[in-house]
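I opened this notebook to keep a record of what I looked up in one structure. The entries are grouped by topic.

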Amino acid sequence: MSSCSSCSEVSMVLVVSLFVTSLMAMTASAGNFYQDFDVTFGGERAKILNGGQLLTLNLDKFSGSGFKSKNEYLFGRIDMQIKLVSGNSAGTVTAYYLSSQGATHDEIDFEFLGNLSGDPYTLHTNVFSQGKGNREQQFHLWFDPTKAFHTYSIVWNSQRIIFLVDNIPIRVFHNLETIGVPFPKNQPMRIYSSLWNADDWATRGGLVKTDWTQAPFTASYRNFQVSTTSTNSLTEQSAWQTQGLDAPGRNRLRWVQQKFMVYNYCSDLKRFPQGLPAECRRSRF
């Protein structure tokens with residue numbers, strides 16, 4: 001692709017997304033990590049700072065760290081601003097996801113797979129329903145996610161799940177129960193995040209190992225926001241409850257998937273020799 005056309009496309013999309021993100025910030029207040037989350041492991045490697053407005057996770061040779069929400073959610077919009085591990089992050093994984101518990105759990109995943117300095121992070125997404133996943137799509141981002149905070153969002157309603165980065169849709173998973181595809185709709189889920197060592201698979205299939213001389217590795221979180229049926233009045237209809245993609249949204253999704261997607265299970269014919277999953281035969285937009 002030519003550099004000029006690429007620059008103009010990126011600029012146009014970012015202007016729109018920043019405008020919408022600013023409107024969202026004016027109409028919703030950030031959560032408080034003291035009030036909304038518990039540390040799940042790592043002890044003092046997980047730190048809540050600035051009166052509950054900032055949370056950092058750290059990974060060293062002995063342990064990673066993580067947190068989870070105090071509340072469970074059944075449908076809603078979840079926003080979190082994250083700044084990822086900088087420098088040589090190879091071997092590390094920063095996970096941010098919704099999940100229920102048990103063998104038949106539901107799960108909606110963002111996972112950020114670290115890389116050598118100068119090489120792009122891989123954003124790994126997946127959807128589990130009734131314990132079954134294997135619906136991976138992976139992307140490179142159009143910015144350096146270690147230089148500043150960026151907003152990673154999940155919109156989850158009864159019709160679809162939308163993954164967004166800085167309010168730009170990167171993936172949509174539709175409710176296709178009518179053709180036998182399970183959809184997460186009955187199990188409330190908590191928000192989880194963790195920073196951990198996965199150098200047996202995370203970077204180039206495990207070929208590149210974690211460089212512990214760079215430890216501790218740090219990921220930072222701020223401006224958590226959640227909108228659910230429990231946070232809205234009975235008479236208030238929040239946009240997330242029926243949110244889909246309009247024509248500009250579909251164009252932005254197409255732009256991301258055409259230029260930045262690096263793996264799509266729906267295109268992996270070798271993985272599914274008996275035929276692609278049923279949802280892959282429907283339009284992704």
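**Ground rules.** I note that this is a predicted model, in which local features need pLDDT of at least 70, side-chain atom pairs count only at pLDDT 80 or more, and totals for chains, interfaces and linings use all residues. Residues are numbered from 1 along each chain as its sequence is written, and side-chain values use heavy atoms, with hydrogens and water left out.

I looked up the UniProt record, an unreviewed entry, which lists Asn-115 under "glycosylation site". UniProt positions follow the numbering used here, feature names are shortened, and annotations may be inferred rather than shown by experiment. I located Asn-115 in the loop between strand S7 (107–113) and strand S8 (122–128). Strands (E, at least two residues) are DSSP runs numbered from the N terminus. Is Asn-115 buried or exposed? Asn-115 counts as buried because its relative accessibility is 12%; buried means under 20% relative accessible area, exposed over 50%, and partly exposed in between, with a 1.4 Å probe and protein chains only. Beyond neighbours within four places in sequence, I found Asn-115 in contact with Gly-87, Asn-88, Ser-89, Ala-90, Pro-120, Thr-203 and Arg-204. Contact means heavy atoms within 4.5 Å.

**Val-127.** I next turned to strand S8, where Val-127 is found. Val-127 has 0% relative accessibility and therefore counts as buried. Not counting residues up to four places away in sequence, Val-127 touches, among others, Glu-107, Lys-132, Ile-161, Phe-163, Phe-173 and Pro-184. I also recorded that Val-127 and Tyr-97, 30 residues apart in sequence, are 9.8 Å apart in space, C-alpha to C-alpha.

**Backbone entries.** Which peptide bond did I note as cis? The bond from Ala-215 to Pro-216 is cis, with omega near 5°, and Pro-216 lies in the loop between strand S13 (190–197) and strand S14 (217–227). Asn-134, a residue other than glycine, has a positive phi near 60°. Asn-134 sits in the loop between S8 and strand S9 (137–139) and counts as partly exposed at 41% relative accessibility. Asp-166, also not a glycine, has a positive phi of about 50°. I placed Asp-166 in the loop between strand S11 (160–165) and strand S12 (168–174); Asp-166 is buried, with a relative accessible area of 12%.

**Strand S5.** Why is strand S5 (residues 76–83) largely enclosed by the rest of the structure? Seven of its eight residues are buried, so S5 is largely enclosed. I then checked its pairing; two strands pair if DSSP finds at least two bridges between them. S5 runs antiparallel to strand S10 (residues 150–156), joined by seven bridges, with Gly-76 opposite Trp-156 in S10. S5 is also antiparallel to S14, through six bridges, and Asp-79 has Gln-225 in S14 as its bridge partner.

**Second largest pocket.** A pocket is an open set of points on a 1 Å grid over the protein atoms alone, where a 1.4 Å probe fits, with protein on both sides within 12 Å along at least five of seven lines; lining residues have an atom within 4 Å of a point. I recorded 17 lining residues for the second largest pocket, with Gly-118, Asp-119, Tyr-121, Asp-144 and Thr-146 nearest its centre.

Methods:
Helix = DSSP H or I, 4+ residues; strand = E, 2+ residues; numbered from the N terminus.
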